[in-house]
Amino acid sequence: MRCYLWPRRCQICASLPQDHIRGKEWWTSYQPTSYKLNSKLGTEAEFKSMVAACQAQGVGITVDTVINHTVNANGIGSLSVDGTKYDIKNLSFPDAGYTKEDFHSEEKNIEDYKDPKQVWNYRLGGLLDLDTSKPHVRQTIGKFYADLLAIGVAGFRIDAVQHMSPEDLLAIKQEAAKQTGRNCLPQCGTGRTRHQMAR
């Protein structure tokens, strides 16, 4: 069976390919444990094959990604879909390269969505909030995006983008560009749904 897309030159958005907590519910995909590309939706090999097949037909893949946070602080798991071990209590995500120092120390949830300090630094519904102002976090996320670009993805949708400061987002884009030798788009923007990186 063949699928024909019209127009031939277009982009489609692929659901989150990164490793995450176990569970069949949709929201489990939005609680990543590492940047490995094995999820309940498929393996890294299958993801690469899809990107290549789409590229061959002139279709770009925009990838849905989660970089603002990891898992829920009240979660009970310790093993991801890919088999990655993590420790919620000690904020340890070894396969992602994160330790307690890589998260915001504030343990409160966001209450006032008009307060940038809360929106950017507090937890979103109990999710462990990465401190994207730290160089190590920016480098780690930049490498994740650089690896995806090397596979051939055309762009990214960044989930919960409004929960990171524009300065942090720009720094992450610059880090990804540095690691790939590509140019960032000139404006990072503050939109809530989509940021793209030039190929």
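This is a predicted model: local features need pLDDT of at least 70, side-chain atom pairs count only at pLDDT 80 or more; totals for chains, interfaces and linings use all residues.
## Helix 4 and what follows

Helix 4 itself covers residues 166-180, which is 15 residues. From its first C-alpha to its last it reaches 21 Å, close to the 21 Å expected at 1.5 Å a residue.

Which residues of helix 4 are buried? They are D168, L169, A171, I172, K173, E175, A176 and A177. A bit of helix geometry is handy when you look at that list: an α-helix has 3.6 residues a turn, so residues three or four places apart point the same way. The cover over the buried residues of helix 4 includes helix 3 (135-151) and strand 5.

Now look at strand 2, residues 59-66. This strand is mostly covered, with 8 of its 8 residues buried. In a regular strand the side chains alternate between the two faces of the sheet. For strand 2, V59, I61, V63 and T65 sit on one side, while G60, T62, D64 and V66 sit on the other, and both sides are covered.

Which way does strand 2 pair with strand 5, parallel or antiparallel? The two pair in the parallel sense, over 5 bridges, with strand 5 running through residues 155-159.

## Aromatic rings

Searching the whole structure turns up 8 aromatic pairs. One of them joins Y86 and F93, a stacked pair with 5.7 Å centre to centre and 5° between the planes. Y86 and F93 are both buried.

Why does the pair of Y145 and F156 count as tilted? Their ring centres are 4.2 Å apart and their planes are at 50°, so the pair falls into the tilted class. Y145 belongs to helix 3 and F156 to strand 5, so this pair ties together parts that are 11 residues apart in sequence. Y145 is buried, with a relative accessible area of 2%. F156 also counts as buried, at 2% relative accessibility. If you step back, Y35, Y86, F93, Y98, F103, F144, Y145 and F156 form one aromatic cluster.

For L91, phi is about 50°, although L91 is not a glycine. You'll find L91 in the loop between strand 3 (69-72) and helix 2 (116-121). Is L91 buried or exposed? L91 has a relative accessibility of 10%, and the cut-off for buried is under 20%, so L91 counts as buried.

A160 is the other one: its phi is near 55°, a positive value in a residue other than glycine. A160 lies in the loop between strand 5 and helix 4. Its relative accessible area is 9%, so A160 is buried.

## The chain as a whole

Zooming out, the chain has 4 helices and 5 strands. Read along the sequence, these follow the pattern β-α-β-β-α-β-α-β-α. How much of the chain is buried? Buried residues make up 46% of its 199 residues.

As for contacts, take those in the chain with a separation of 6 or more: residues 24 or more positions apart account for 65% of them. Finally, the accessible surface of the chain comes to about 10800 Å², and 52% of that belongs to carbon and sulfur atoms.

Definitions and conventions
Residues are numbered from 1 along each chain as its sequence is written. Side-chain values use heavy atoms; hydrogens and water are left out. Buried means under 20% relative accessible area, exposed over 50%, partly exposed in between (1.4 Å probe, protein chains only). Two strands pair if DSSP finds at least two bridges between them. The expected span of a helix is 1.5 Å times one less than its number of residues. Contact means heavy atoms within 4.5 Å. Rings of Phe, Tyr and Trp (its six-membered ring) pair if their centres lie within 6.5 Å; planes under 30 degrees apart count as stacked, over 60 as edge-to-face and the rest as tilted. Accessible areas come from the Shrake-Rupley method with a 1.4 Å probe; for residues, only the protein chains shown count as cover.
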